[in-house]
Amino acid sequence: MKRKILGGLVFLLTSAAVTGITSVSSAAQEPAASAPVATDSPPVRKLGRMDVRHPLHVGSDYYPKQSLKNHEQGKCTPAFFIDADGTVPAAQLLKSTGFPRLDTACFESVIGVPLIPATINGTPVAGWNDFNVVWVIDHTQPYQPPPERPAFPRVADDYEFQAGEKFYPEAARVKQPRGYCVVHTTVDSSGTALNAGITHSTGSAILDKACLAAVTAARFTPELQDGRPVADSTDIAIYW
């Protein structure tokens, strides 16, 4: 039986982008007769987002019990890789809540939940989309977010991350185990993943091996400090 909603418990989910739509305005004047007339308009892009019919696993029913007991609150910023069919094969924790249990809840919030993929001119496309997830227990002591970091390492937008059904390990297809892993890795200043290690196992040695291989092979955009790339660590979840 689900626990009753706690008084004052609030969950906020917002898209990390200011706007998800790019549009084009008409020219103010007619072009000169000798000038070529542009016939192609820039594509209209919409960001991926949550489907209200399939909400993420968040709020009082999913708040970690020990986090409630310890009065842990915080905001995470996960980037969900939303495939064109709305499935989420991977996620990256761009910003931690400061509490491992809440970070785990952020990763688990999307398990089995279809999202609405990004579109270009109405056609669904795969890609990474940022979300803000805030866990708050008591309104009388509102959560005060720490200063925002200007940049962090993240999977490169133009890189095809090796997760999802397309990359499911052939050696595991007979028994078809399912689960999710979390991989902690350092991303150096060149965007290369180093020292990748499993911090949450799928329960399958084959799938865990595929998790490590996917992160190690990935190309990242490194973190920037004062405009210069630097090394930093990050966590990536892969859902099989």
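Q: In which order do the 3 strands of the open sheet run, and in which sense do they pair?
A: In this predicted model, 3 strands make up an open sheet with antiparallel pairing. Strand S2 (45-46) and strand S8 (123-125) are its edge strands, each pairing on one side only. The order is S2-S7-S8, and the sense is antiparallel.

Q: Which residue in S7 stands opposite Arg45?
A: Strand S2 runs antiparallel to strand S7 (residues 118-120), and 2 bridges join them. Within S7, the residue opposite Arg45 is Ile120.

Q: Is strand S5 enclosed by the rest of the structure or open?
A: The cut-off for a buried residue is under 20% relative accessible area. In strand S5 (residues 90-95), 6 of the 6 residues are buried. Strand S5 is therefore largely enclosed by the rest of the structure.

Q: How many bridges join S5 to strand S16?
A: Strand S5 pairs with strand S4 (residues 74-82) in the antiparallel sense over 5 bridges. Strand S16 (residues 232-239) also runs antiparallel to S5. The number of bridges between S5 and S16 is 4.

Q: Which residue in S16 is the bridge partner of Leu93?
A: Leu93 lies in S5 and is the bridge partner of Pro78. Leu93 also has a bridge partner in S16. That partner is Asp235.

Q: Is Pro89 buried or exposed?
A: Pro89 lies in the loop between S4 and S5. Not counting residues up to four places away in sequence, Pro89 touches Phe81, Asp83, Ala163, Gly164, Ala237, Ile238 and Tyr239. The relative accessible area of Pro89 is 6%, and the cut-off for buried is under 20%. Pro89 is therefore buried.

Q: How far apart in space are Pro89 and Gly112, C-alpha to C-alpha?
A: In sequence, Pro89 and Gly112 are 23 residues apart. Their C-alpha to C-alpha separation in space is 9.9 Å.

Q: Which residues lie nearest the centre of the largest pocket?
A: The largest pocket has a volume of about 430 Å³, and 24 residues line it. By class, that lining has 14 nonpolar, 5 polar and 5 charged residues. Nearest the centre of the pocket lie Thr87, Val88, Pro89, Gly164 and Tyr239.

Q: Is Ala126 buried, partly exposed or exposed?
A: Ala126 is found in the loop between S8 and strand S9 (127-136). Leaving aside neighbours within four places in sequence, Ala126 is in contact with Phe81, Ile82, Asp83 and Ala84. The relative accessible area of Ala126 is 41%; buried requires under 20% and exposed over 50%. Ala126 is therefore partly exposed.

Q: How far apart in space are Ala126 and Gly86, C-alpha to C-alpha?
A: Ala126 and Gly86 are 40 residues apart in sequence. In space, C-alpha to C-alpha, the separation is 8.4 Å.

Q: Is Arg154 buried or exposed?
A: Arg154 lies in strand S10 (residues 154-155). The relative accessible area of Arg154 is 18%, and the cut-off for buried is under 20%. Arg154 is therefore buried.

Q: Which side chain does a polar contact of 2.8 Å join to that of Arg154?
A: Leaving aside neighbours within four places in sequence, Arg154 is in contact with Ala79, Gln92, Leu94, Trp128, Asp130, Phe220 and Thr221. A polar contact of 2.8 Å joins the side chain of Arg154 to that of Asp130.

Conventions: Residues are numbered from 1 along each chain as its sequence is written. This is a predicted model: local features need pLDDT of at least 70, side-chain atom pairs count only at pLDDT 80 or more; totals for chains, interfaces and linings use all residues. Side-chain values use heavy atoms; hydrogens and water are left out. Buried means under 20% relative accessible area, exposed over 50%, partly exposed in between (1.4 Å probe, protein chains only). A polar contact is a pair of N or O atoms within 3.5 Å; within protein, one must be able to donate a hydrogen and the other to accept it, and residues adjacent in sequence count only if both atoms are side-chain atoms. Contact means heavy atoms within 4.5 Å. Two strands pair if DSSP finds at least two bridges between them. On a 1 Å grid over the protein atoms alone, a cavity is a set of points where a 1.4 Å probe fits but cannot get out, and a pocket is an open set with protein on both sides within 12 Å along at least five of seven lines; lining residues have an atom within 4 Å of a point. Grid points are joined across faces, edges and corners, and a volume is the space filled by probe spheres set on the points. Ala, Val, Leu, Ile, Met, Phe, Trp, Tyr, Cys and Pro count as nonpolar, Asp, Glu, Lys and Arg as charged, and the others, Gly among them, as polar.
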